[in-house]
Amino acid sequence: CFNKPAMIVSVCAGVQGVVCALWLTLYPPHKVISYHHETKIIITCHYGSWTLSLVMYIYVGFLSLVCFIFAYKGRRLPDLYKNARYVTVSMLVYLVVCILFIPFSLASTHMSRQGVFACALLVSTYSVFLCHFAPKCYIIVFKRDMNNENAITEYIRNHYQKQTIT
């Protein structure tokens, strides 16, 4: 019933696109210039609408929860697909960052909020990068014999034959 990944990805991306489009058209972020003691000029970014930005962050957190659940369910695949464990760790880090971002963002001052946002973005991006792409790059560069369709299908066939024997 749910095995239509193109449709699921399109719907999820479409919902996020609509929320972002509403946020950026109705209440777009804008710069705020503050003058302090006539020697400092501080330029900051005002989010526009906190409600729409919070809706977007909550939706991204919901998507990370769904991705974590699917990655957790797929962790028992054959040895060749042990990358599901890396994806699970990546989604767990992303989910934790999404959950922790909201209280840290609300507790921080206006000046440090951009730093909190940048740190959350960097941690979640590096977790996805290291857990998704680093194992694949390792296989592409160092395990070239495993990087073709025949090797993968043979490996899966052998795995399921071993399971039926034991």
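Before you click anything, one definition: a residue is buried under 20% relative accessible area, exposed over 50%, and partly exposed in between (1.4 Å probe, protein chains only). What you have open is a predicted model, where local features need pLDDT of at least 70, side-chain atom pairs count only at pLDDT 80 or more, and totals for chains, interfaces and linings use all residues. Residues are numbered from 1 along each chain as its sequence is written, and side-chain values use heavy atoms, with hydrogens and water left out.

**Stop one: helix H2.** Select residues 50-73, which make up helix H2. (Helices are DSSP runs of H or I, at least four residues, numbered from the N terminus.) Now pick out Tyr59 and Phe62, which sit 3 residues apart here, about one turn of the helix. Phe62 is partly exposed, because its relative accessibility is 46%. Tyr59, at 15%, counts as buried.

**Stop two: helix H4.** Next, select residues 113-142 for helix H4 and find Tyr138 and Phe142, 4 residues apart, about one turn of the helix. Tyr138 is partly exposed at 43%, while Phe142 is exposed at 62%.

**Stop three: the rings.** The whole structure has 3 aromatic pairs. One of them is Tyr59 with Phe62, a tilted pair at 6.3 Å centre to centre and 35° between the planes. (Rings of Phe, Tyr and Trp, using its six-membered ring, pair if their centres lie within 6.5 Å; planes under 30 degrees apart count as stacked, over 60 as edge-to-face and the rest as tilted.)

**Last stop: Ser127.** Stay in helix H4 and select Ser127. Is Ser127 buried or exposed? It's buried, because its relative accessible area is 10%. Leaving aside neighbours within four places in sequence, Ser127 is in contact with Ser90, Val93 and Tyr94 (contact means heavy atoms within 4.5 Å).

Terms used
Helices (H or I, at least four residues) and strands (E, at least two) are DSSP runs, numbered from the N terminus.
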